[in-house]
Amino acid sequence: MAKNAAQWETPPTFPQTHFVDSRVYTDDAIFQEEKEKLFRPSWIIACHESEIEAPFDYRLFNHPAGVPLIVVRGDDSKVRAFYNICPHRGNTILYDPAGNAKRMTCIFHQWSFDTRGTCIDISREEQGYQKRFCKEDAALREVKCEVAYGGFVWINITDNCMPLREFIGGAMDILEPYMEEPMEVFHFHKAHVRTNFKLWHDTNTTSIASPACCSPAISSAAIRRLRTGMRRSARCRSSTTSTKGRKSARWAGRKWRLAAGTWSISFPE
Ligand code: FES
C-alpha cells in the first residue's frame, strides 16, 4: 500500500544504531577527515608494473588523499614514486598521464630531475644563487613504493607507515597463489564520478542489487548495454589511455591480463 506524507517521514522500527547517518556521504568535513585518517596512512595501489615496463617509463597517479604523484622506473629498473610537485615553486612537473622521460623538467624555470629524484640541473644556477644554493640542495619528495602481490605498485605517502606485508596481513592469502602468474594491463579506463567514493562503492558492491542485475528478464538488455559501454570505453581509450600498445619480449609471455581503472571522486556541491 502507498504511504502518505506522515508515514513517509516515520522512520522504520529499527534500533537507532542500525541507521546510517547520510552525512557520511555529503559532509565535506567528514571527507577531509577520511582523507587524513583513512587514505593517507594506507598502502594504495597506484598502477601495475607492466605499465612502466622499461627504464624511464613513468605514470602519473592522483593519490586519494590529494597528493599528485609520479611513479617511475629508474635507470636501475627500480620503481620509485615522487610528488609531482617541483621543489622550487610548487609547479606541476609532468603533465602527460604516462610516458618515458630520461629527465623530468619543470616547465616553469627548467629545473630538471632524474628518475631517482635527484636534481640534475638548475637553470642559471650560478647567476641566480651564487653560492647560496645549488642543485645538490634540491630533490624531489619521495614516497614509499613497493612492487608486490602480482606486480602491483603499492604507494604509501606516510614516511613512518607500517610495512606493506604487515598492513595487508592475511587479506591476500586467498589470492596470492594466483598472483604468481605474470600479468599485464590490456585496457585502461578513466571515469570522473561526481559523487562521494562510498556511494560509488556501496552501489557497485551491494548484494541486494545482484539478483536484479542477473535476472534473465533483463540480462540480454544488460549485456547489450555492457557491450555498448565497452565499445565506448575502447573508443575513449585513445584519448585517455596510459598503456602503451607495444609489447616487449619481457611481457610477451604474460598469461593474465588486467583491466585498470582510475576514478576521480568529486564531492557533491
Ligand atoms: S617552479 Fe619548477 S623550476 Fe621553478
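Tyr178 is exposed, because its relative accessible area is 55% (exposed means over 50%, buried under 20%, partly exposed in between, with a 1.4 Å probe and protein chains only). Tyr178 sits in the loop between helix H5 (164–168) and strand E11 (183–193). Helices (H or I, at least four residues) and strands (E, at least two) are DSSP runs numbered from the N terminus.

Together with Ile174 and Leu175, Tyr178 forms a nonpolar surface patch with about 360 Å² of accessible area. Accessible areas come from the Shrake-Rupley method with a 1.4 Å probe, and for residues only the protein chains shown count as cover. Patch residues have over 30% relative accessible area and no salt bridge; nonpolar side chains (Val, Leu, Ile, Met, Phe, Trp, Tyr) are joined within 5 Å, like charges within 9 Å. A salt bridge is a side-chain nitrogen of Lys or Arg within 4 Å of a carboxyl oxygen of Asp or Glu.

## Basis of the values

This is a predicted model, in which local features need pLDDT of at least 70 and side-chain atom pairs count only at pLDDT 80 or more, while totals for chains, interfaces and linings use all residues. Residues are numbered from 1 along each chain as its sequence is written, and side-chain values use heavy atoms, with hydrogens and water left out.

## Aromatic pairs

The whole structure contains 6 aromatic pairs (ring centres of Phe, Tyr or Trp, the last by its six-membered ring, within 6.5 Å; planes under 30 degrees apart are stacked, over 60 edge-to-face, the rest tilted). Phe31 and Phe197 have ring centres 6.2 Å apart and planes at 35°, so this pair is tilted. Phe31 belongs to helix H3 (residues 28–39) and Phe197 to helix H6 (residues 197–205), so the pair ties together parts 166 residues apart in sequence. Phe31 counts as buried at 10% relative accessibility, as does Phe197 at 17%.

The rings of Tyr149 and Trp154 are edge-to-face, because their planes are at 70°, with the centres 5.8 Å apart. Tyr149 and Trp154 are both buried. Ring pairs also link Phe31, Phe39 and Phe197 into a cluster.

## Sheet and chain totals

Strands E6, E7 and E8 form, in that order, an open antiparallel sheet (strands pair if DSSP finds at least two bridges between them). Its edge strands are E6 (104–105) and E8 (119–121). Strand E7 (residues 112–113) pairs with E8 over 2 bridges, and Ser112 has Asp121 as its bridge partner in E8.

The protein chain has 9 helices and 12 strands. Of its 269 residues, 33% are buried.
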